[in-house]
Amino acid sequence: MAIAQNIILNQNADYSQQFIAKTDAGVVIDLTGSSLDAMVRKSFASTTATSFTTAIVSAAAGTFTLGLTDVQTAALERGRHVYDVRVIDSTSTITRIQEGVATVSPSVTR
């Protein structure tokens with residue numbers, strides 16, 4: 001099961017945040033030899049999605065970043081969205097490690 005972590009995305013602004021991959025028991029997941037993918041959607045059933053840029057910062061420490069550009073956040077409708085992060089290990093096993101609500105905060109300055 002994935003760790004629940006809600007995030008806030010500000011429209012018309014770059015987003016970058018670092019996280020630590022952990023199991024449900026709180027044990028750090030070693031990301032050595034793995035890759036990540038992550039998406040945000042208006043709802044689980046939505047057919048359109050925005051992909052985060054993902055980067056592993058320290059594989060042994062399980063740290064990674066998620067990022068969106070200002071152009072990507074500008075295209076997101078304000079309000080509640082959902083997102084998740086998956087890790088693909090060296091054996092091509094896919095595991096969802098993080099999920100939550102992504103609240104898109106509207107921008108006044110454009």
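Aspartate 37 is partly exposed, because its relative accessibility is 28% and that class lies between buried (under 20% relative accessible area) and exposed (over 50%), with a 1.4 Å probe and protein chains only. You are looking at a predicted model, in which local features need pLDDT of at least 70 and side-chain atom pairs count only at pLDDT 80 or more, while totals for chains, interfaces and linings use all residues. Residues are numbered from 1 along each chain as its sequence is written, and side-chain values use heavy atoms, with hydrogens and water left out.

What does aspartate 37 meet in a salt bridge? Its partner is arginine 86, at 2.7 Å from N to O. This pair links distant parts of the chain, since aspartate 37 belongs to strand E4 (residues 35–41) and arginine 86 to strand E8 (residues 79–88), 49 residues apart. Arginine 86 is also partly exposed, at a relative accessible area of 32%. A salt bridge here is a side-chain nitrogen of Lys or Arg within 4 Å of a carboxyl oxygen of Asp or Glu, and the structure holds two of them. The other joins arginine 96 and glutamate 99, whose closest N and O atoms are 2.7 Å apart. Arginine 96 has a relative accessible area of 42% and is therefore partly exposed.

Now step back to the fold. The protein has one helix and nine strands, in the order β-β-β-β-β-β-β-α-β-β along the sequence. Helices (H or I, at least four residues) and strands (E, at least two) are DSSP runs, numbered from the N terminus. For 110 residues, a compact globule would have a radius of gyration near 13 Å, and the 14 Å of the protein agrees with that; the radius is taken over C-alpha atoms, and the globule rule is 2.2 Å times the number of residues to the power 0.38. Of the 110 residues, 34% are buried. Among contacts (heavy atoms within 4.5 Å) with a separation of 6 or more, 62% come from residues 24 or more positions apart.

Two loops deserve a visit too. Most residues other than glycine have a negative phi. Asparagine 12, however, has a positive phi near 60°; this residue sits in the loop between strand E2 (7–10) and strand E3 (15–20) and is partly exposed at 31% relative accessible area. Serine 92, likewise not a glycine, has a positive phi of about 70°. You will find serine 92 in the loop between E8 and strand E9 (94–105), where its relative accessibility of 57% counts as exposed.
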